[in-house]
Amino acid sequence: MTLQYHVKLDDGDVAPSILLPGDPGRVPVIASFWDEAHEVASNREYVTYTGTYLGVPISCTSTGIGAPSTAIALEELARVGAKTFLRVGTCGSLQGRAKIGDVAIFDSAERHDGASRLYAPIEYPAAAHHEVVTAAIEAAAALGITSHVGTSFSTDLFYMPHEGFAFGGYQQSWARESLEDARRRGTLAAEMESSVLMVLTRIWGLRGGAISVVADDVFASTNEQGEIDAEATFDVGATNMERLAQVGSETVRILAEADSAGRV
Amino acid sequence: MSLQYHVKLAPGDVAPYVLLPGDPGRVAVVASQWDEAHEVASNREYVTYTGTYKGVPISCTSTGIGCPSTAIAMEELARVGAKTFVRIGTCGTFQDRVANGDMAIFDSAARYDGTSRLYAPIEFPAVASHEVVQAAIQASRELGYPFHVGTTRSSDAFYALHERPGSSFDGYWQSSWAEHFKDLRRLNVVAAEMESSVIFVLARIWGLRAGGIAVVLDNVLKVSGEAGEFDPQEQFEHGGDEIERLARMGSEIVRILAERDAAAGRPA
């Protein structure tokens, strides 16, 4: 296998376990929590660092925002030897119990994205690997971080066309109750990448999972005019990034330990 | 809450942990594995036994075939206090690595049913509780049963969608069926059965727990004869002890979950 077109990675450049944030700017921040790390590639929205965390080989590659660029990253990372994929991102809470700063552990995702539909029929479940879910629960508990296990609302839209969200007040009737309905059926939080990650890893027989720190409450992130104001209401500060890096890296360590112990 | 219309159960009639086979005839067989059991209701396709297994309160209710009758059973069982639902059934497989007689542990389901769509949009995942999946893996290991964890394709049609004419009556067939089974194999789907999708979707919506296991009776891509003919009575393997193994594994899953719930201080 040769150099991969978008991520600019080759065999040997990445560890078997990869953390996947959306934002390329977060990759060095996450890697700063490891024993040692170095940048192995940077192209477009894809930045990759490889290193070790508590002795365990680990990599981190940014996916960019959304399922299309994430699918490209997954295809190319799998070709250069990645086996376990853990998204580490931010999300908006749909349930009051998941507060800002808590960590959402996604065992599954609603597939409101386009890319995963091109790979698998919509009936197919976006489900995380149970070993990743269990390891993430253990990691959060060990770090004393409050976590919630549940379903993600993975969507291609950040600015949903309901009142106040899309530019110019553009609205569509289907969007009006979409997030309230998701809340009613127990869906935990909204973000934009987990569905395609879970579908592709399942198809390929690899391990996938996703955790996200809660950066906002979806139903409280609008101003008095009902307009979304992400800049003012989202908390993507250092504390939350630290939590992501710690829970993500610790999840990888727990999985590596279980793998070497022969525990499946 | 009073007596439920279809299942004829009232609060107190069932344990928090309920095993769900499709066939009402299997309920008594399942219950015969327990310490003690008695029939608490029988109406239409819904037969319920309640008892104890290794000291743990347990129930078993048949759902009938398919998601519509299964959704009714789930709605009514939840109303009378059921909290954890474990489907125990039979299935076919799409994967050559899975042998007849192996156990399939379902961590998720592809939603080829009608009922679950009426409850939640098709984008919503049909996913088992990871606690039930973990308990099933442990039970299978302890019992020494070969097992496979993966996705089941839950379909409303038993005789339709086969790759060649011969499955539906009188050779009825549609061209869109030709690659359906092969595509599912390529999607890494492990099993085919008819009830898990709605069980997983409803339990998740309600914040209750569900999971599913099934014993593999056939390889879906190999079961048809030379000319595509499909005769499950002839072609499915029924060694006789499958249902007994299913019953033992389902009951062990409940025992393990009850033990872990007690250790974690969770109410059953």
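Ala, Val, Leu, Ile, Met, Phe, Trp, Tyr, Cys and Pro count as nonpolar, Asp, Glu, Lys and Arg as charged, and the others, Gly among them, as polar. The model is a predicted one, in which local features need pLDDT of at least 70 and side-chain atom pairs count only at pLDDT 80 or more, while totals for chains, interfaces and linings use all residues. Residues are numbered from 1 along each chain as its sequence is written, chains are lettered from A and ligands numbered from 1 in the order in which they are written, and side-chain values use heavy atoms, with hydrogens and water left out.

Empty space is described first. Rolling a probe the size of a water molecule over the atoms shows where such space is left. On a 1 Å grid over the protein atoms alone, a cavity is a set of points where a 1.4 Å probe fits but cannot get out, whereas a pocket is an open set with protein on both sides within 12 Å along at least five of seven lines; lining residues have an atom within 4 Å of a point. Grid points are joined across faces, edges and corners, and a volume is the space filled by probe spheres set on the points.

The structure holds two cavities of 30 Å³ or more. The largest cavity has a volume of about 70 Å³, and its lining divides into six nonpolar, three polar and three charged residues. Residues of chain A in this lining include D107(A), A127(A), A128(A) and H130(A), and those of chain B include D107(B), V127(B), S129(B) and H130(B). Helix α4 of chain A and helix α4 of chain B each supply at least two residues of the lining; helices (H or I, at least four residues) and strands (E, at least two) are DSSP runs, numbered from the N terminus. The second largest cavity, with a volume of about 50 Å³, is lined by residues of chain B, among them H162(B), F181(B), L221(B) and S224(B). Four nonpolar, two polar and three charged residues make up this second lining.

The largest pocket has a volume of about 890 Å³. Of the 35 residues that line this pocket, S129(B), H130(B), E131(B), G207(B) and R209(B) are the closest to its centre. Elements of both chains each supply at least two lining residues, including α4 (130–142) and β8 (147–155) of chain A, and α4 (130–143) and β10 (209–219) of chain B. The most is given by α6(B), with five residues. The pocket lining comprises 13 nonpolar, nine polar and 13 charged residues.

Helix packing is considered next. Two packed helices are described by the angle between their axes and the distance between the axes. Axes are lines fitted to C-alpha atoms, for helices over the stretch in contact, and angles run from 0 to 180 degrees between N-to-C directions. Angles under 35 degrees count as roughly parallel, over 145 as roughly antiparallel, 65 to 115 as roughly perpendicular and the rest as oblique. A crossing is left-handed if the near helix is turned anticlockwise from the far one by less than a right angle, and right-handed if clockwise.

Helices α4(A) and α4(B) pack at an angle of about 110 degrees, with their axes 10 Å apart. α4(A) is therefore roughly perpendicular to α4(B), and the crossing is left-handed. Within chain A, the axes of α4(A) and α9 (residues 238–260) come within 8 Å and cross at roughly 120 degrees. This angle makes α4(A) oblique to α9(A), in a right-handed crossing. The axes of α2 (residues 67–79) and α7 (residues 194–204) of chain A come within 9 Å and cross at roughly 30 degrees, so α2(A) is roughly parallel to α7(A). The crossing of α2(A) and α7(A) is right-handed.

Single residues complete the description. Buried means under 20% relative accessible area, exposed over 50%, and partly exposed in between (1.4 Å probe, protein chains only). A127(A), in strand β7 (residues 126–127) of chain A, is buried, with a relative accessible area of 2%. A127(A) and V199(A) are 72 residues apart in sequence and 7.0 Å apart in space, C-alpha to C-alpha. V47(B), in strand β3 (residues 46–53) of chain B, is buried at 10% relative accessibility.

Most residues other than glycine have a negative phi. K8(A), which is not a glycine, has a positive phi of about 60 degrees and is partly exposed at 32% relative accessibility. Phi of L54(A) is also positive, near 45 degrees. L54(A) lies in the loop between β3 (46–53) and β4 (56–61) of chain A and counts as exposed at 53% relative accessibility.
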